[in-house]
Amino acid sequence: MSYGKLSNFPKSCPIAVISKNLIIFAINSKFVKLASRKLLFVSFHSFSPTLCNRASHFSNRRGIASMGSPLHRAPRQPPGAGGGGAGTTARTAITPTEPMVKRYDNIVKSQEDKREYRGLELSNRLKVLLISDPKTDKSAAAMDVNIGYLSDPEELPGLAHFCEHMLFLGTKKYPEENEYNKFLSEHGGSSNASTSSDHTTYYFDVMPDHLPMALDIFAQFFIAPLFTESATEREINAVNSEHEKNTSSDTWRLDQLNKSSASKEHPYHKFGTGNKDTLDRIPKEKGIDVRAELLKFHGAWYSADIMTLAVCGKDTLDRIPKEKGIDVRAELLKFHGAWYSADIMTLAVCGKDTLDRIPKEKGIDVRAELLMFHGAWYSADIMTLAVCGKGMDTLEKIIKNMNTTNLKNEKDNMIERQYTARYTGSLST
């Protein structure tokens, strides 16, 4: 497949893998509901050069002319006059008849890359890249939404970034605020997210066996987030803390200086991080309901046709063992019987018996043996010392005062005394 044939994939490119059972999961009734709302997609931002070509219909969608790089592209405008809030957007709902519309095989990759790839486009225009990597020790998924702070409302700088924070804090299906992070931490995983000028990316990793459940929790962020009042107020403080941390970064300060010098009529001048002033104090003074605007922003822009899904796992792209008629338990028993053999196994035991009961039964003095072991082997000629401090002359003086020659001689004398004691039956000190 040529690069041109993959040009339908957005620039926010997936890096993913999903096995057939997960493909089924991704397009089952849960995702049909998603499709009807035109929601969902996952990927790593500009990760794969194979899928980085952007089709003209992406740059021209909704009357937006292509203007080159993201920094010079006009911000997206919500569909329909005045945008639309959650449940009131002007988007036309898609009722899919077939969950998968297109499939892309034979994706161009490096000759050294042993992973398998497949591209999919679902009926809700969600684009997916699947990657099968049997050797991976972690499964992963990422969601890239092709919208960022350039599309913040003028009166609410930082709203896209704030939306990123709020998605983690409870959904209709999983209302507990910490459900996502708790599940990942319990199953060897982690997560993060970032907001840039025209992309917002969410991603996580987890132990392979727990990918389906993690993906289900993850998907709900883009289907039915709660955006509760209590979480809204609390998370504004988290965004403000992030802003205050950034102010000590010279790179961030220079970036903000550059933006402040841009034309106020161009979205590049926007303050993308947001803080307590832009998301709390000033909106209250103007009578703006930040939570209502947040719901409106999410409803208008978290749409499958501008989202990309990437999932990475160990399963094959086409089938799982059951579909091949493989009895996993029988194969496990066969493997154990063939290889778990005493002639290639070694047993090591350490405990109270080896250092107390058995030596006493054999008349061995453990303390005496310990002194002999220490005296025999803890010798300066096979030891190395590293010291860190101020002033080379001072350090050298300290080392000389340790009298390493006497240390070695004392060890030699100790070795002689101990071995003499061992074979004469007495221990001299």
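Does D105 count as buried, partly exposed or exposed, and at what relative accessibility? D105 counts as partly exposed, at 28% relative accessibility, where buried means under 20% relative accessible area, exposed over 50% and partly exposed in between (1.4 Å probe, protein chains only). The model is predicted: local features need pLDDT of at least 70, side-chain atom pairs count only at pLDDT 80 or more, and totals for chains, interfaces and linings use all residues. Residues are numbered from 1 along each chain as its sequence is written, and side-chain values use heavy atoms, with hydrogens and water left out.

**Salt bridges**

- The whole structure holds 15 salt bridges, each defined as a side-chain nitrogen of Lys or Arg within 4 Å of a carboxyl oxygen of Asp or Glu.
- One of them joins the side chains of D105 and R103, at 2.8 Å from N to O; R103 counts as partly exposed, at 43% relative accessibility.
- R125 and D305 form a salt bridge of 3.9 Å, N to O. This pair links distant parts of the chain, 180 residues apart: R125 sits in the loop between strand 4 and strand 5 (127-132), and D305 in the loop between helix 10 and strand 9 (307-313).
- D305 is buried, with a relative accessible area of 2%, whereas R125 is partly exposed at 28% relative accessibility.
- K360 and D356 form a salt bridge of 3.2 Å, N to O. Both residues lie in helix 12 (residues 352-361), four residues apart, about one turn of the helix.
- K360 counts as exposed at 62% relative accessibility, and D356 as partly exposed at 25%.

**Helix packing**

- Helices (H or I, at least four residues) and strands (E, at least two) are DSSP runs, numbered from the N terminus.
- Helix 4 (residues 159-166) packs against helix 10 (residues 290-301) at an angle of about 85 degrees, with the axes 10 Å apart. Axes are lines fitted to C-alpha atoms, for helices over the stretch in contact, and angles run from 0 to 180 degrees between N-to-C directions.
- Helix 4 and helix 10 are therefore roughly perpendicular to each other; angles under 35 degrees count as roughly parallel, over 145 as roughly antiparallel, 65 to 115 as roughly perpendicular and the rest as oblique.
- L159, A160, F162, C163 and M166 in helix 4 meet V290, E293, L294, F297 and H298 in helix 10, contact meaning heavy atoms within 4.5 Å.

**Aromatic pairs**

- There are 14 aromatic pairs, counted when ring centres of Phe, Tyr and Trp (its six-membered ring) lie within 6.5 Å; planes under 30 degrees apart count as stacked, over 60 as edge-to-face and the rest as tilted.
- Y202 and F222 form an edge-to-face pair, 5.4 Å centre to centre with 75 degrees between the planes. Y202 lies in strand 8 (residues 200-206) and F222 in the loop between helix 6 and helix 7, so the pair ties together parts 20 residues apart in sequence.
- Y202 and F222 are both buried.
- F168, Y180, Y202, F204, F218, F221, F222 and Y302 are linked into a cluster by ring pairs.

**Positive phi**

- N106, not a glycine, has a positive phi of about 55 degrees. N106 lies in the loop between strand 3 (100-104) and strand 4 (116-122) and is exposed, with a relative accessible area of 64%.
- F227, also not a glycine, has a positive phi of about 50 degrees. F227 is in the loop between helix 6 (211-219) and helix 7 (229-246) and is buried, with a relative accessible area of 1%.
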